[in-house]
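Biologist: I would like to go through this structure with you, one feature at a time. Please give the cut-offs as we go.

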Amino acid sequence: MVAAQRICPWSSPRGSNKHDTEDTDMPFVPPFLQRLAGVNVGAGTKMAIQSVRTARRGHHSIGEDGIINCYFSFDRPEAQITIGRDCFIGKSHLVAATGITIGNDVVISWDVTIVDHNSHSLDWKQRAKDVADWRQGKKDWTDIGVAPVTIDDNAWIGMGVTILKGVTIGRGAVVGAAAVVTKDVAPFTAVAGNPARQIRDLVEQDRAI
């Protein structure tokens, strides 16, 4: 009998290599079609069809030599999503009303949601007309919390994570699978859980990157 594999809470069952996921076998849009679609993407970056289609709908900047498979949602005209170089983003969803900034050499697994706003007011009276407004193609952002999200260089975000408004993930940090991140994560720490809490201070050799 083969012994069961022990998986860390932030691990992907397909391995930790940023290119070793199910997303790398998806069809990618050729670079010339990316340019024709008006996508602002650096040389060498591979983008899936849904990434190109949704990125072109808003303000964005994507760096060189990445692999991008996510959906982009720009909920307000001024929203900006910026992704650095050498990043991998699996089949996840980036939702911006103001801004999401992702640094260099960041690994984001699949089923991750990053959103920089609350979507609705916490006061039920303020959100009572939300659905009626949507039917008319409009949204009232009054009393809705909005704050940018930042993920610094060398961070690793595990599968199924949710990162909420106003959060900064520090350099070299690791966020465990299915965590819900509501507060800043310090550099070179590992967090997990709902809400996410620090479970480990990464060892000294991990800092020398």
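Biologist: Which residue does the side chain of Lys125 meet in a salt bridge?
Modeller: First, the basis: this is a predicted model, where local features need pLDDT of at least 70, side-chain atom pairs count only at pLDDT 80 or more, and totals for chains, interfaces and linings use all residues. Residues are numbered from 1 along each chain as its sequence is written, and side-chain values use heavy atoms, with hydrogens and water left out. A salt bridge is a side-chain nitrogen of Lys or Arg within 4 Å of a carboxyl oxygen of Asp or Glu. At 3.3 Å, N to O, the partner of Lys125 is Asp123.

Biologist: Are Lys125 and Asp123 buried, partly exposed or exposed?
Modeller: Buried means under 20% relative accessible area, exposed means over 50%, and partly exposed is in between (1.4 Å probe, protein chains only). Lys125 has 53% relative accessibility and therefore counts as exposed. Asp123 has 28%, so this residue is partly exposed.

Biologist: How many salt bridges does a search of the whole structure find?
Modeller: Besides the pair of Lys125 and Asp123, Arg76 bridges to Glu78 with the closest N and O atoms 3.3 Å apart. Asp86 and Arg85 form another, at 4.0 Å. The search of the whole structure gives three.

Biologist: What are the relative accessibilities of Asp86 and Arg85?
Modeller: Both residues of this salt bridge are partly exposed. The value is 27% for Asp86 and for Arg85 it is 43%.

Biologist: Over which ring does the charged end of Arg76 sit?
Modeller: A charge sits over a ring if NZ of Lys or CZ of Arg is within 6 Å of the ring centre and within 35 degrees of the ring normal. Lys139 meets this rule at 5.2 Å from the ring centre of Trp141. The charged end of Arg76 is 5.0 Å from the centre of its ring, which belongs to Trp141.

Biologist: Why does the pair of Phe72 and Phe74 count as stacked?
Modeller: Rings of Phe, Tyr and Trp (its six-membered ring) pair if their centres lie within 6.5 Å; planes under 30 degrees apart count as stacked, over 60 as edge-to-face and the rest as tilted. The count by this rule is one aromatic pair. The centres of Phe72 and Phe74 are 6.3 Å apart, and the pair is stacked because the planes stand at 10°.

Biologist: Which backbone nitrogen does the side chain of His60 reach?
Modeller: His60 belongs to strand E2 (residues 59-62), where helices (H or I, at least four residues) and strands (E, at least two) are DSSP runs numbered from the N terminus. At 9% relative accessibility, His60 is buried. A polar atom of its side chain lies 3.0 Å from the backbone oxygen of Gly58. The backbone nitrogen reached, at 2.8 Å, is that of Asn40.

Biologist: How far apart are the C-alpha atoms of Thr45 and Asp65?
Modeller: Thr45 is in the loop between helix H1 (31-36) and E1, and is buried at 5% relative accessibility. Contact means heavy atoms within 4.5 Å; leaving aside neighbours within four places in sequence, the contacts of Thr45 include Ile62, Gly63 and Asp65. Thr45 and Asp65 are 20 residues apart along the chain, and their C-alpha atoms are separated by 4.3 Å.

Biologist: In E18, which residue is the bridge partner of Val191?
Modeller: E17 (residues 189-192) holds Val191, which points one way with Thr189 while Ala190 and Ala192 point the other way, and all are buried. Two bridges join E17 in parallel to strand E15 (residues 174-175), with Val175 partnering Val191. Four bridges join E17 to E18 (residues 197-201) in the antiparallel sense. In E18, the partner of Val191 is Gln198.

Note on methods. Pairing = 2+ DSSP bridges. Polar contact = N/O pair within 3.5 Å; in protein donor to acceptor, adjacent residues only side chain to side chain.
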